[in-house]
Amino acid sequence: MLRHYLQGLLMGGADIIPGVSGGTMALIVGVYKALIDAIGEAFSAVLTLARGRFRDGFAQLRALEWGLLLPLAAGIFTAIGIGSLFVPELLEAYPVQCRALFFGLVAASLVVPWRERKTRRTWHLAVAAVAAVLAFVLVGLPRSGDAADPGFFRIATTAAVAINAMILPGVSGAFLLEVLGLYRTTLEALRSLDVAYVATFALGAGLGLGLAAKGLSWLLDRYHDLTMAVLVGLLAGSLRALWPWVGTVEHAHSDGSVSLVPDPSLLLAPGPDWPLALGLAVFGFAAVTVLVVLGARRIAAGDDLLAAEHDDIHAR
């Protein structure tokens with residue numbers, strides 16, 4: 001129980017930082033496959049209950065691995081709750097430094113889905129490039145900034161999209177929230193215990209997580225390498241949103257509203273604080289690289305153990 005709680009703390013800490021993937025952390029601590037299976041089984045149980053088959057549904061719920069799910073969830077929510085107390089202040093006081101750190105974290109995460117490919121094909125690069133261009137354009141579109149008072153539909157749909165990071169190694173949920181304009185708003189809601197916002201977010205996240213678990217299994221079974229290549233491209237193109245010195249200029253519309261338009265002149269022009277920002281980016285890159293290496297070693301060790309057991313069975 002304590003071990004799973006600590007694993008949840010690591011996953012929750014990863015989820016709240018734009019750039020580190022909770023899915024990557026789940027791989028590293030060795031609960032990824034069990035977590036995916038449990039999420040899929042839980043969603044199937046909910047669907048069974050929704051169809052009115054209560055006996056079968058409750059039987060499926062009782063069969064879930066609660067000894068893993070409950071402490072893991074407790075650790076995740078504990079880390080997110082603690083992080084929500086100080087992360088917004090850091091973003092407000094040190095925007096360039098935080099963005100530089102997050103940039104390094106995301107850049108290093110690119111290797112995770114890329115290494116997950118089972119085959120190596122040249123066309124994977126082309127697919128990733130197309131996805132990168134698409135993401136680069138999308139994150140540069142005019143935005144109204146973080147929504148101060150988002151509606152029910154926006155909160156729920158954003159949560160449904162961002163929660164996918166829990167089961168997609170290399171994809172950061174906090175980063176997706178940052179791109180979609182609800183990162184700081186969500187942290188503020190957690191810190192102020194905004195029950196309505198948190199409940200709406202949880203509803204969208206639960207629905208999105210269940211659908212994603214089923215959809216991901218289908219995609220990975222049929223188009224595994226293509227899915228990984230698309231993920232790499234989307235992450236790479238979205239780095240535009242985390243470039244430390246991307247400023248914004250206000251653009252007034254005829255209806256009186258104002259949106260924030262990215263200032264392209266700052267894409268390649270670092271500010272005077274570039275040495276510290278560069279150091280933080282390198283630190284973030286190195287930290288995720290270490291985590292990726294540890295995860296690869298854990299997976300390799302598990303594969304070696306399975307191979308040894310397989311050889312032992314055949315020897316008998």
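With which residue does Glu188 form a salt bridge, and how far apart are the closest N and O atoms? In this predicted model, the partner of Glu188 is Arg191, and the closest N and O atoms of the pair lie 2.7 Å apart. Both residues belong to helix α11, which spans residues 183–191. Because Glu188 and Arg191 are three residues apart in this helix, about one helical turn separates them. Glu188 is partly exposed, at a relative accessible area of 34%, and Arg191 is likewise partly exposed, at 28%.

The structure contains two salt bridges. Besides the pair in helix α11, a salt bridge joins Arg53 to Asp56, with 3.3 Å between the closest N and O atoms. Arg53 has a relative accessibility of 42% and is therefore classed as partly exposed. Asp56 is also partly exposed, with a relative accessible area of 37%. In general, side chains of opposite charge can pair when their charged atoms come close.

Attention now turns to the nonpolar residues. The largest nonpolar core comprises 53 residues, of which Met11, Val31, Ile167 and Tyr183 touch the most other members. The greatest contribution to this core comes from helix α12 (residues 195–238), which supplies eight residues. The surroundings of Ile167 can be described in detail. When neighbours within four places in sequence are set aside, Ile167 is in contact with Tyr32, Ile36 and Ile39, as well as with Leu209, Ala212, Ala213 and Leu216.

Conventions. Residues numbered from 1 in each chain as written. Predicted model: local features only at pLDDT ≥ 70, side-chain atom pairs only at ≥ 80, totals over all residues. Heavy atoms only, no water. Core = buried A, V, L, I, M, F, W, Y, C linked by side-chain atoms within 4.5 Å. Buried < 20%, exposed > 50% of the residue type's maximum accessible area, 1.4 Å probe, protein only. Helix = DSSP H or I, 4+ residues; strand = E, 2+ residues; numbered from the N terminus. Contact = heavy atoms within 4.5 Å. Salt bridge = Lys/Arg side-chain N within 4 Å of Asp/Glu carboxyl O.
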